Structure formats: C-alpha cells, structure tokens
Amino acid sequence: MSTTVDVPESSNVAKGKAVAVARAGGWKKGLAIMDFILRLGGIASSLAAAATMGTSDQTLPFFTQFFQFEASYDSFTTFQFFVITMSLVAGYLVLSLPFSVVAIIRPHAAGPRLFLIILDTVFLTLATASGASAAAIVYLAHNGNQDSNWLAICNQFGDFCAQTSGAVVASFVAVLILVLLVIMSALLLKRHYHS
C-alpha cells in the first residue's frame, strides 16, 4: 500500500516566481513608457517642422512699386506638401497617445502594439517622403543647379533658407523617432509571439 503526500511549495519559492514574472513584464512596461516619451518628442519635432516651414517668408528690402522679391513656403508645392504632411504626422502622434497608454497599462497586449506598428510605418513613410523632397528643394536653394540654369537663392534670401533648413532638420528628427518607435514595437511583438 502506498500513499502519496502532496507538499505545497514554500512561500519563499512562490515569491521568487512572482518576482521573476514581474521582472519579465517590467522591461516591456519600460519600453512602453519609452514609447510614450518618444511619441511626445515626435509630436514636438513634427510640429516644430510644420510651424517653422509654415512661417518661412522673406521679402527683400529692395523693391520697386511694380516688382517685389519675396520667398515664401507657399511658393513651392513641395514645401506645401511638407507642411501638410508634418502636420498630419503630428496629429497622428497625438491620436496615438491613448494607444501608447494602453500599452503601458497592459504591456502584454499585442493588439494595440500591432495597430501602432502598422500606423507608425505608414506615417514614417509620409514623413520620410516629405522630408526628403523638402531637403532636395533646400539643397537647390543653397547650391542651385548649373546644368538646369537654376540659381542659388540663399545668397539673397538667407533667413528664408535658414528657416527651411531648420524645418528639414526637425522633420528628420521626427523620422528618426518614428524609426525607433517601429523598431521598439517590432521587438515587443517578437518577444510576445516567441514567449
């Protein structure tokens, strides 16, 4: 005749397991908080890019009654596209903040993270396209193109070129932040589906 005795684990062993589980979820929560902070930085940089480009305007001091020399962002369709796109990126990042908060509260939930990575990728593409196209125009404004007979205008419109260059730099900061957001979301999803 044999008897089996079921001995429960001691409370110290159970506590050790709980701490291990808490630590495993802790890094996910830390990355989710970093995601929220990066989104705030992305909002700031994309808004700065849109506002700086949208207010870029310079009129040369020498003009006659009939001719006035002015450079403004709305003189270039590429710069208009830039302002609209960077404003959309900022708007998206503001609207994505609640999903980022959900990812902080529930770090193991894959749904919000998957939603964010898809939309982050879409808006990363838009931000990259507008930043690159504006950078090409800013380059032409600074250097011109001898083959096409395009003259550099930054010698005359220095303030305008400084503002547009700053806006392009701010847009590439937003692009870098979006790249980091996509990479972090991909890492979190990889860990989610492999654990």
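Predicted model: local features only at pLDDT ≥ 70, side-chain atom pairs only at ≥ 80, totals over all residues.

Residues are numbered from 1 along each chain as its sequence is written, and side-chain values use heavy atoms, with hydrogens and water left out.

**Annotated spans.** Select residues 36-56, 76-102, 114-141 and 167-189, which an unreviewed UniProt entry annotates as "transmembrane region"; UniProt positions are given in the numbering used here, feature names are shortened, and annotations may be inferred rather than shown by experiment. Residues 36-56 are 90% helix and 0% strand, with end C-alpha atoms 30 Å apart. Residues 114-141 are 100% helix and 0% strand, and their end C-alpha atoms lie 41 Å apart. Helices (H or I, at least four residues) and strands (E, at least two) are DSSP runs, numbered from the N terminus.

**Thr52.** Next, select Thr52 in helix 1 (residues 11-54). Beyond neighbours within four places in sequence, Thr52 is in contact (heavy atoms within 4.5 Å) with Gln163 and Ala167. Display Ala162 as well: its C-alpha atom is 10.0 Å from that of Thr52, although the two are 110 residues apart along the chain.

**Helix 3.** Now select residues 110-143. The 34 residues of helix 3 should span 50 Å at 1.5 Å a residue, and the end C-alpha atoms are 48 Å apart, which agrees; the expected span is 1.5 Å times one less than the number of residues. Just after helix 3, Gly144 takes a positive phi of about 70°.

**The largest pocket.** Select Phe76, Ile137, Leu140, Ala141, Trp150, Leu151 and Ile153, which line the largest pocket. The lining comprises seven nonpolar, no polar and no charged residues. Ala, Val, Leu, Ile, Met, Phe, Trp, Tyr, Cys and Pro count as nonpolar, Asp, Glu, Lys and Arg as charged, and the others, Gly among them, as polar. On a 1 Å grid over the protein atoms alone, a pocket is an open set of points with protein on both sides within 12 Å along at least five of seven lines, whereas a cavity is a set where a 1.4 Å probe fits but cannot get out; lining residues have an atom within 4 Å of a point.
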